[in-house]
Each structure stands twice: as C-alpha cells, then as structure tokens.
Amino acid sequence: MEEKETQANVSSDISSKNDFFLSRIDRSVADNLHDIRKSFGEDAGIVKDFIVFISKNLKKDLFGYTKFTLKDFCKESGRNRQDLARKHPYFIANPKAVIPEYFGHEFVSVFDYALFNMLQKNIIFAKSYAVNTKNEVIQLKNFPILKDIKLNLNRQSNTIKIYEIRISDEWLDGFISRYYTIETNGYPKIGKGRGGDGRKSLYLILQRTRHQLLSQKETTARFSVDYLADLAELEVEQNRFRKKSLKRILDFFQEKGDFPFSYRFVKGDPSKPYQEEYWVELDFSSSVNIPSLTERRGDHLFFNSLIIELRNIFNSKHSKVAIKDETDVFQRWLTNADADTDIKIDVLISAYYKAYNQQLTKVQAKQYIRDGFLSR
C-alpha cells in the first residue's frame with residue numbers, strides 16, 4: 001500500500017535556473033563508500049571529498065589537475081578552511097605522537113594529516129570487487145589514492161600553500177574507463193553543517209543510481225529507508241523518526257543541492273519474508289531532458305583517446321627520463337604546460353575531432369592546455 005502524503009517533485013525546467021557540472025567518480029569507490037569509513041576512520045569524510053574534488057579537476061583541467069590550494073578544496077567540498085587548518089585531533093589526543101614529516105613539511109593539520117594518510121593507506125575493500133573493463137574482469141582488493149604530495153609556498157604571497165599531488169595509476173585508469181557520472185556543483189552545498197559527511201555519502205549514492213538508471217533507460221529505483229538512513233549516518237532508532245529525518249535530507253537535496261529528482265515513501269509487503277517496513281521510491285525522470293546531466297556523446301572517446309595517445313607519446317620520447325624525488329614523471333609532464341606544448345596541441349585536436357567530428361583551432365587547444373575546460 002502506497003503512502004500519498006509525501007510526494008516531492010522538481011520540474012524539468014530546472015536547467016534554466018541552475019548550473020550543473022557533470023564529473024566522474026571511480027565505480028569501485030562509489031560502490032564501496034562504507035569501506036572508506038572503515039579504512040580512514042575520522043578522516044573518511046575528507047578522503048571522500050578529496051576524491052570528488054580531484055575527479056572534478058581531472059574533468060575540468062586534465063593538464064593542470066595536480067595543483068591546488070586549501071581554498072580551492074574548501075570551495076568544492078563546502079568545508080571550513082579554519083577547521084581544516086587546525087591541529088588534527090589525533091595529535092591533540094596523543095601529544096607525544098610523532099608528527100610525520102615529508103619533504104620537509106610537518107603534516108599536523110586536519111587536512112594535511114588526512115592527505116598524508118591517503119599517501120600511506122589504501123581503501124581496503126571488505127570483499128574483492130569485480131570490475132568489467134577492457135573486455136576483461138579485474139578483481140580489486142584495494143584502491144590506492146595518492147603516489148606523492150609536495151607543498152610549496154606561493155612566491156607572490158609567500159603564505160599560501162600550493163599542494164601538488166600525484167594520483168595512483170588505478171585512479172587515473174578509473175577516470176577514463178571505470179566511472180559513474182555525478183553532478184558536483186551541488187556537492188558542497190549539501191555538505192555544510194552538522195551531518196554533512198553522511199549527506200554527501202547519500203548524495204553520491206543517489207547520483208550513482210541516476211547514472212545507472214539512465215544508462216539502462218530506466219528512471220525509478222527503490223531502496224529501503226534503513227539502507228539510505230545508514231548511508232546518511234542517521235543515528236535514529238525508531239522507524240517513524242528515521243523516516244522523518246531521511247525526508248528532511250531528501251528535501252534538503254532538492255532545495256540546496258539543486259538535484260532534479262522526485263521521491264515518495266512506499267510500504268513494504270508484509271507477506272514477504274524479511275521485508276523492510278518502509279521503502280523510498282526515487283524517480284529521476286526530471287533529469288532525462290537536462291543535457292548537462294548526461295555526458296555528451298563522444299566524451300568517453302575523447303578522454304580515452306587523449307590520455308592513451310599522450311601516454312604513448314610520452315613513452316616514446318621520455319620513457320628513460322628520471323627526475324629526482326619524482327614518483328610519476330608522466331603526470332609531471334602532462335601537467336607542465338611548457339613541456340612539448342605543440343605535440344600536446346596536435347594530440348588534443350586529433351582526439352577532439354575523433355570524438356566530436358569538430359575541428360579545434362590551435363589557439364583553442366593551447367588555451368585549454370593553459371587554462372582547462374573546453375566549453376562545448
């Protein structure tokens with residue numbers, strides 16, 4: 001029996017008043033958010049934000065995604081800069097603990113220590129995770145995040161720290177071949193305030209569900225209230241209060257996250273064994289006619305061709321190059337706008353034409369390499 005008192009809708013003209021940006025997230029990460037929590041404990045929220053943040057940077061600026069400031073991270077995650085700059089709770093609780101030092105920098109703040117842990121630890125999957133890619137099945141047991149971190153002071157201000165990272169090979173491969181598309185402009189909005197980490201997890205699962213449904217030409221899916229409440233980290237025992245708290249979050253997504261979907265609560269079938277009492281039916285039909293919530297035809301081919309060809313050229317020209325203290329020479333070359341610029345321009349123009357059957361000018365290609373994000 002369906003309950004009719006709760007119904008929320010967002011009209012399909014939402015695209016006329018909201019600005020969406022479709023990013024990517026590795027499937028193995030999005031399907032195993034609980035394992036981030038288990039692997040990184042109190043830093044799990046920052047780890048999750050960091051993965052979303054760098055994944056968005058990859059999509060917007062493949063040739064410059066490795067460098068960022070704390071301000072950049074806060075803008076895309078909705079976090080407070082002062083909170084991230086404080087001493088990490090671990091060192092407050094353990095004043096005699098040895099503070100890790102890397103390349104002359106002490107990783108003692110909340111953000112820096114979380115970054116250091118991403119360098120030292122992997123996301124350990126509770127069970128082997130199977131991924132179909134490149135006509136083969138890959139069994140993933142863990143997901144390494146970072147290869148390296150460096151910090152530099154901005155020469156102009158002499159105070160702003162510029163972080164430079166190297167992501168894992170698995171992450172870069174996932175970006176081009178193993179991903180869900182997620183809308184990320186709404187992500188920082190729904191994360192502000194108490195309970196933000198839980199809301200972000202639920203948001204990512206809803207985004208993953210939207211991707212899965214629309215790729216199968218479906219629009220609706222049902223989840224138990226308990227499942228969604230657990231994702232949102234709602235610590236409410238009684239069913240009616242848990243349902244009420246979940247409703248507030250879903251309404252909040254629509255109001256603050258500009259998330260085009262509708263939902264309703266439906267009762268479970270008591271005649272079925274182990275049936276949950278309440279379910280949430282999610283409907284993403286309002287997303288179907290919003291072009292910016294679907295990757296443009298050709299995007300997959302564009303990034304796949306671009307990265308593969310760039311790596312082939314790098315290997316043919318620089319495979320024997322070794323740089324002191326550099327863990328990934330390819331990523332350094334890729335994000336150096338002054339290295340082999342003419343060659344990168346030619347590869348970019350070729351990949352773009354192959355994917356979209358449109359000709360970029362050399363000026364447009366050079367601008368993308370310098371500044372990122374091609375408006376198509």
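This is a predicted model: local features need pLDDT of at least 70, side-chain atom pairs count only at pLDDT 80 or more; totals for chains, interfaces and linings use all residues.
Residues are numbered from 1 along each chain as its sequence is written, and side-chain values use heavy atoms, with hydrogens and water left out.

Let me start with D230, which, leaving aside residues up to four places away in sequence, touches H34 and R37. D230 sits in helix α11, residues 225-231, where helices are DSSP runs of H or I with at least four residues, strands are runs of E with at least two, and both are numbered from the N terminus. Because its relative accessibility is 38%, D230 counts as partly exposed, a class that lies between buried, under 20% relative accessible area, and exposed, over 50%, with a 1.4 Å probe and protein chains only.

Now to helix packing, where axes are lines fitted to C-alpha atoms over the stretch in contact, and angles run from 0 to 180 degrees between N-to-C directions. Helix α8 and helix α13, residues 299-318, pack with their axes 8 Å apart at an angle of about 140 degrees, which makes α8 oblique to α13; angles under 35 degrees count as roughly parallel, over 145 as roughly antiparallel, 65 to 115 as roughly perpendicular, and the rest as oblique. On the α8 side the contact is made by L172, F175, I176 and S177, and on the α13 side by H300, F303, N304, I307 and R311.

The second pair is α15, residues 341-356, and α16, residues 362-371, whose axes come within 9 Å and cross at roughly 110 degrees, so that α15 is roughly perpendicular to α16. The residues making this contact include L348 and I349 of α15 and Y368 and I369 of α16.

Finally, what does a search of the whole structure find in the way of cavities of 30 Å³ or more? The search finds one, and the largest cavity has a volume of about 30 Å³. On a 1 Å grid over the protein atoms alone, a cavity is a set of points where a 1.4 Å probe fits but cannot get out, and lining residues have an atom within 4 Å of a point. The lining consists of R24, I25, D26, S55, W171, G174, F175 and Y179, with β2 (22-26) and α8 (169-177) as the elements that give two or more residues.

Note on methods
Contact means heavy atoms within 4.5 Å. On a 1 Å grid over the protein atoms alone, a cavity is a set of points where a 1.4 Å probe fits but cannot get out, and a pocket is an open set with protein on both sides within 12 Å along at least five of seven lines; lining residues have an atom within 4 Å of a point. Grid points are joined across faces, edges and corners, and a volume is the space filled by probe spheres set on the points.
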